[in-house]
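Subject: A structure for you to look at

Hi there,

Here is the structure I promised to pass on. Please have it open while you read, and my notes follow below.

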Amino acid sequence: MRSGVRLGIDVGKVRIGVSRSDPHGMLATPLETVARSEDAADRRRIAGIVTELGVFEIIVGLPLALSGAHTASTADAVSFAEALEAEVEVPVRLVDERLSTVSAHSALRASGKNSKSARPVVDQVAATIILQHALDAERASGRPPGHPVEPSIGP
């Protein structure tokens, strides 16, 4: 298992959930929710977190249909991950996140939070679920999870 802090990212149309791992890659915890922006303010904030925490890798959730097919959300997450890769100096990986938001809502309901009050943190919880799944997958396989985002080559 590689050591070092990782970030987990759940990309939404309005908000981006961010989670972090401990330095040993054992446990993911919610960190913050970043407002999605038309400009690069959201990616700059995430780049700031990378620097603040000494992050060595970012895990971005890849939303797929239950069948495994790509959706509009898949294209949005890939586009965001590619833009983020250009903004930060650490590798960005895409990891299957099917049902992470559903699991996040279930976990919050089980803890007594209703949908309306949980809205600000559901994205953080989804990011935590994505990151924890990636950590567990790496621990089980001995290989980095998902697949790397390839840096874009300019025009």
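From one end of the sequence to the other, the elements run β-β-β-α-β-α-β-α-α-β. That gives 4 helices and 6 strands, where helices (H or I, at least four residues) and strands (E, at least two) are DSSP runs, numbered from the N terminus.

This is a predicted model, in which local features need pLDDT of at least 70 and side-chain atom pairs count only at pLDDT 80 or more, while totals for chains, interfaces and linings use all residues. Residues are numbered from 1 along each chain as its sequence is written, and side-chain values use heavy atoms, with hydrogens and water left out.

First, the overall picture. Buried residues account for 43% of the 155 in the chain; buried means under 20% relative accessible area, exposed over 50%, and partly exposed in between (1.4 Å probe, protein chains only). The accessible surface is about 7,900 Å², with 57% of that belonging to carbon and sulfur atoms (Shrake-Rupley method with a 1.4 Å probe; for residues, only the protein chains shown count as cover). Taking contacts (heavy atoms within 4.5 Å) between residues at least 6 apart in sequence, 66% join residues at least 24 apart.

Now the interior. A nonpolar core here is a set of buried Ala, Val, Leu, Ile, Met, Phe, Trp, Tyr and Cys residues joined through side-chain atoms within 4.5 Å. The largest one has 24 residues, and Ile9, Ile46, Ile58 and Val60 touch the most other members. Two or more residues each come from strand 1 (6–11), strand 2, helix 1 (41–53), strand 4 (57–62), helix 2 (72–87) and strand 5 (92–96). Helix 1 gives the most, with 4 residues. A second, separate core of 7 residues includes Ile130, Leu131, Ala134 and Leu135. Leaving aside residues up to four places away in sequence, the contacts of Ile9 include Ile46, Ile58, Val60, Phe80 and Ile130.

Next, the charges. I count 11 salt bridges, each being a side-chain nitrogen of Lys or Arg within 4 Å of a carboxyl oxygen of Asp or Glu. Glu57 pairs with Arg2 at 2.8 Å, N to O. This bridge links distant parts of the chain, with Glu57 in strand 4 and Arg2 in the segment before strand 1, 55 residues apart. Glu57 counts as buried because its relative accessibility is 3%, whereas Arg2, at 28%, counts as partly exposed. Both belong to a network of salt bridges that also links Arg6 and Glu138.

Arg36 and Asp76 form another bridge, their closest N and O atoms being 3.0 Å apart. Arg36 lies in the loop between strand 3 and helix 1 and Asp76 in helix 2, so this pair ties together parts 40 residues apart in sequence. By contrast, Asp136 and Arg139, bridged at 3.0 Å, N to O, both sit in helix 4 (residues 115–141), 3 residues apart, about one turn of the helix.

Finally, have a look at Asp22, in the loop between strand 2 (15–21) and strand 3 (28–35). Asp22 is buried yet has no salt bridge, and Arg139, the nearest side chain of opposite charge, is 6.6 Å away (Lys and Arg count as positive, Asp and Glu as negative; His and the chain ends are not counted). A polar atom of the Asp22 side chain does lie 2.9 Å from the backbone nitrogen of His24.

Best wishes

Notes. Polar contact = N/O pair within 3.5 Å; in protein donor to acceptor, adjacent residues only side chain to side chain.
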